[in-house]
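Please keep the sequence and the 3D view open as you read.

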Amino acid sequence: MSLSRLWPFLVFLALGALLFAGVLMSGRENREAIPSPLIGKPAPGFALHLLHQPERMVTMDELRGEPFLLNVWGSWCPACRDEHPYIEALARSGKIRVVGFNWKDERQDALRWLQQFGDPYHLIVVDEEGGTAIDWGVYGAPETFLVDAEGIVRWKYIGPITPAVIESQLKPRLAELGVAL
């Protein structure tokens, strides 16, 4: 048998092996998630203006002292609207501070969005240019980070928060920090 006749069979076997590997990998939970190199490390520092008080700046150091969720959102983000009721519920629980991180947004658009959908945030920092978001490894909105009282990033979720995410991922991480939802 000549190599030219064997070639299609070898290509078929190689493609079959790739397909099999893909099927095996597709069984992983949240396979779209990109692991954050920040997990277990100090949260990147920042000094950002507040949305509601643009003359005032807040630093990462000022947020330390108790755990908080940092929720990256923008008025231009449709998925942020989908997750908003669940972010509101988390904030209303009083169990965890929810800090808004308004990303690449016009101030008036963000204020109008909050007026329309509600403002659940303890405070909202603004990253108009996106430089701080890069430090945090943000590449899309919404994204949510859990930061402990010492300022260590404990969890990151890419995409809209849902009740299933809260139950299966966030609650166990909060319990590790002594916070019961």
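1. Let's begin with F117, which is partly exposed: its relative accessible area is 23%, and buried would require under 20%. Please keep in mind that this is a predicted model.

2. With a relative accessible area of 4%, W113 is buried. W113 and F117 sit four residues apart in helix α4, so about one helical turn separates them.

3. How many aromatic pairs are there? The count comes to seven. In one of them, the rings of W73 and Y121 have centres 5.9 Å apart and planes at 10°, so this pair is stacked; the cut-off for stacking is under 30 degrees.

4. Do trace where those two residues come from. W73 belongs to strand β3 (residues 68-73), while Y121 lies in the loop between α4 (107-117) and β5 (123-127). The pair thus links distant parts of the chain, 48 residues apart. Both W73 and Y121 are buried.

5. Ring pairs link W73, W113, F117 and Y121 into a cluster.

6. Strand β6 (residues 143-147) and strand β7 (residues 153-158) run antiparallel and are joined by five bridges. Which residue in β7 is the bridge partner of F145? That partner is K156. Five residues lie between the strands of this hairpin, and G151 takes a positive phi near 90° there.

Technical notes
Residues numbered from 1 in each chain as written. Predicted model: local features only at pLDDT ≥ 70, side-chain atom pairs only at ≥ 80, totals over all residues. Heavy atoms only, no water. Pairing = 2+ DSSP bridges. Helix = DSSP H or I, 4+ residues; strand = E, 2+ residues; numbered from the N terminus. Phe/Tyr/Trp six-rings, centres within 6.5 Å; stacked < 30°, edge-to-face > 60°. Buried < 20%, exposed > 50% of the residue type's maximum accessible area, 1.4 Å probe, protein only.
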